[in-house]
Amino acid sequence: MEAWATYRTSAADDWPADRLVRAKGTSRVSVVLPARDEEATVGAIVSTIREHLMDRVSLVDELIVVDSRSTDRTAQVARAAGAEVVGQDAMTRGLPRLTGKGDALWAGLAAAEGDVVAFIDADLREFRPHFVTGLLGPLLTDPGVEFVKGFYHRPLVGATSVEPDGGGRVTELMARPLLNLFWPELAGFVQPLAGEYAGRREVLERVPFVTGYGVETAMLIDLLELVGLDALAQVDLGERKHRHQDTAALGRMSAQIMLTAWSRLQRRGWAAPGTTPTPLLTQFRRGGSEALPNLDREIVVNDVSVEERPPLAELRHRIPHRRVAA
């Protein structure tokens, strides 16, 4: 793990944009932002990428926002800032209807035409161009790298204090112990659940995309099996600021990661074949109109099941023309 981390870890500052423009040659680069109700942040991210990486230098050739069934002005704000906007449902028309971030990412990959595709979450605040250049650096300069994962400090802002690395709660309590137990080759990834990553199209099209919050876990495991650890890299992107979810939401996220890991364990023969854990997660909410008298809490049951969109390479013939606006 230490040898890999030393060899395959770099920092965003190692990859200035002008160097990458020279290195990319005839390759095309796409940046994809999956977005659901992100009108408050998506415009600034799009504007920054367009100004610094498309207008000032010709590094990014294509900038796509996937509108994931937003109920706010996400699509209009993104389009006004300079992105091409496609609808998740438009790109998956004729296929089973799935929900969640993983399906939006799959739709973005289907819409993109670049040889290298970078994914950026649309809820980032104080976004800077190095989030993109850092991810692209190893891919554009080393043909042995197939996929790059970002990592960063994630401050957790409380009412009276800031915890510098308190934002990665699901990573530390669920994802990291799980990966260390069953896929120790991946133990060197600082942020296995990071939403910022990039890869070569021909590789990304060969892995399935899990719906919900299992997508990042499944992608790392599947890519490890497909291309091997040496083809995976990570880049320090500094600090990531974004909104945080409450503890109950993090519990649902953790459950989806567990279900995703179970499916991969079954595939390896490490979990009982033909068995499926229950996808229902019971949680408790204090107070409420339906609180049980002896608990002073409501019982809340959520379906946390995950599904998978098959590898894009298997369904390319069924994908509509990508320029179907959201």
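Author: Ile 299 counts as partly exposed, because its relative accessibility of 45% falls between the 20% and 50% limits. This residue is found in strand S13 of what is a predicted model. Ile 299 belongs to a nonpolar surface patch of about 530 Å², made together with Leu 280, Phe 284, Leu 292, Leu 295 and Val 301. Two elements each give two or more residues to that patch: strand S12 (280-286) and strand S13 (297-303).

Helix H10 (residues 215-227) packs with helix H11 (residues 247-267) at an angle of about 20°, and their axes are 9 Å apart. The two helices are therefore roughly parallel to each other, since the angle is under 35 degrees. Their crossing is right-handed. Arg 264 lies in H11 and Asp 222 in H10, 42 residues apart, so that the bridge links distant parts of the chain. Both partners are covered, as Arg 264 is buried with a relative accessible area of 1% and Asp 222 is buried with 5%. Helix H11 also holds Leu 259, which is buried at a relative accessible area of 15%. The C-alpha atom of Leu 259 is separated by 8.7 Å from that of Thr 276, 17 residues apart along the chain.

The count of salt bridges comes to 21. One of them joins Arg 176 and Glu 172, with the closest N and O atoms 2.8 Å apart. These residues are 4 residues apart in helix H8 (residues 169-182), and are therefore separated by about one helical turn. Glu 172 is partly exposed, at 45% relative accessibility. Another salt bridge pairs Arg 316 with Glu 205, the closest N and O atoms being 2.7 Å apart. Arg 316 lies in the segment after helix H12 (312-315) and Glu 205 in the loop between helix H9 (201-204) and strand S10 (209-210), so this pair ties together parts that are 111 residues apart in sequence. Arg 316 is partly exposed, with a relative accessible area of 33%, whereas Glu 205 is buried, with 14%.

Finally, helix H6 (residues 101-111) is mostly covered, with 10 of its 11 residues buried; among them are Asp 103, Leu 105 and Trp 106.

Note on methods:
Residues are numbered from 1 along each chain as its sequence is written. This is a predicted model: local features need pLDDT of at least 70, side-chain atom pairs count only at pLDDT 80 or more; totals for chains, interfaces and linings use all residues. Side-chain values use heavy atoms; hydrogens and water are left out. Patches are made of residues with over 30% relative accessible area and no salt bridge: like charges are joined within 9 Å, nonpolar side chains (Val, Leu, Ile, Met, Phe, Trp, Tyr) within 5 Å. Accessible areas come from the Shrake-Rupley method with a 1.4 Å probe; for residues, only the protein chains shown count as cover. A salt bridge is a side-chain nitrogen of Lys or Arg within 4 Å of a carboxyl oxygen of Asp or Glu. Buried means under 20% relative accessible area, exposed over 50%, partly exposed in between (1.4 Å probe, protein chains only). Axes are lines fitted to C-alpha atoms, for helices over the stretch in contact, and angles run from 0 to 180 degrees between N-to-C directions. Angles under 35 degrees count as roughly parallel, over 145 as roughly antiparallel, 65 to 115 as roughly perpendicular and the rest as oblique. A crossing is left-handed if the near helix is turned anticlockwise from the far one by less than a right angle, and right-handed if clockwise.
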